[in-house]
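Look over the sequence and the model first.

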Amino acid sequence: ILAQRRPQTMAELAQSRPDSVSTQTVDLASGQVERMRSQPAGVGAEPRAAAAAASDAAAETDEYGRALLAVQPLGPVALIQEFKAVQAERVLEFTEYNRRFKEALDSASLQTYPGIVAWATKRFQSLSCRARAVIEVLRRHSTPAMLRLATRVQELEAENLTVTAAMHLDQVRLHLETESQPQLVLSSISRNEQRLDEIKRDIGKLMDEIQCELVDADDGDEHDEAAAVEAEGAS
């Protein structure tokens with residue numbers, strides 16, 4: 001099978017190398033984790049996958065709803081500060097995700113990696129819900145500049161996660177020594193590393209612009225407060 005077509009997901013790798021992944025299969029591109037039961041491959045897989053997807057979607061909807069309620073009372077300055085806090089957490093989570101991946105790759109087997117992907121999926125989903133909630137409330141506040149910047153950061157972070165997962169999968173393929181043309185995989189890894197550098201640079205520039213928006217918003221709030229105090233004194 002591997003000689004005919006390269007596996008595209010950890011699920012396919014698990015089917016072709018049963019000893020490489022244990023009780024879960026993982027689609028790294030989507031981050032979906034499906035638990036496997038003790039039965040022949042393919043039996044009942046579609047109903048289980050559909051049920052798992054529905055459960056994940058419902059959980060994400062609930063989490064987004066809670067995040068939206070939390071940020072609805074916030075003004076523009078507090079919203080920008082919340083978005084910056086989310087972004088700082090994302091940086092830390094990516095560092096931890098890559099650290100855990102390297103640890104799994106350097107170990108004798110990759111049986112811990114499906115659990116790492118499940119952990120990362122949950123963490124990044126939570127952060128994404130918080131960021132999307134901020135973006136939605138910014139839209140209601142009619143702050144086009146900040147809305148544009150935050151939306152673009154969110155898009156780049158989604159790509160960041162996808163490219164990181166694809167690079168991890170290529171590294172897993174090399175580790176399992178299943179590739180007939182490893183140089184092609186190495187080239188793919190190199191392209192993904194280059195794209196990740198570009199994404200990080202672009203996000204950094206956007207966050208600098210967001211900081212400028214925060215300063216402007218702070219100045220605007222201070223001006224409004226001073227005007228209100230002056231008007232109250234005059235009355």
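Does Phe94 count as buried or exposed? The model is a predicted one. In it, Phe94 has 9% relative accessibility. The cut-off for buried is under 20% relative accessible area, so Phe94 counts as buried.

**Aromatic pairs**

The whole structure holds three aromatic pairs. In one of them, the ring centres of Phe94 and Phe124 lie 4.5 Å apart. Their planes meet at 45°, so this pair is tilted.

**Charges over rings**

Two arginines can be described here. Arg100 places its charged end over the ring of Trp119, 4.0 Å from the ring centre. Arg132 lies over the face of Tyr64, and the distance to that ring centre is 4.5 Å.

How far does helix 4 reach between its end C-alpha atoms? The distance is 40 Å. Its 28 residues should span 40 Å at 1.5 Å a residue, so the two values agree. Helix 5 (residues 144-176) has 33 residues. From first C-alpha to last it covers 48 Å, close to the expected 48 Å.

Each helix is followed by a residue with positive phi. After helix 4 this is Ser142, with phi near 55°. After helix 5 it is Glu177, with phi near 55°.

Thr151 has its place in helix 5. Its relative accessibility is 26%, so Thr151 counts as partly exposed. Glu136 is 15 residues away from Thr151 along the chain, and their C-alpha atoms are separated by 9.6 Å.

**Cysteines**

How many disulfides are there? The count is zero, with sulfur atoms within 2.5 Å as the criterion. Cys129 is buried, at a relative accessible area of 0%. Cys212 is partly exposed, at 48%.

**Accessibility at a glance**

| Residue | Relative accessible area | Class |
|---|---|---|
| Phe94 | 9% | buried |
| Cys129 | 0% | buried |
| Thr151 | 26% | partly exposed |
| Cys212 | 48% | partly exposed |

Notes: Residues are numbered from 1 along each chain as its sequence is written. This is a predicted model: local features need pLDDT of at least 70, side-chain atom pairs count only at pLDDT 80 or more; totals for chains, interfaces and linings use all residues. Side-chain values use heavy atoms; hydrogens and water are left out. Helices (H or I, at least four residues) and strands (E, at least two) are DSSP runs, numbered from the N terminus. The expected span of a helix is 1.5 Å times one less than its number of residues. Buried means under 20% relative accessible area, exposed over 50%, partly exposed in between (1.4 Å probe, protein chains only). Rings of Phe, Tyr and Trp (its six-membered ring) pair if their centres lie within 6.5 Å; planes under 30 degrees apart count as stacked, over 60 as edge-to-face and the rest as tilted. A charge sits over a ring if NZ of Lys or CZ of Arg is within 6 Å of the ring centre and within 35 degrees of the ring normal.
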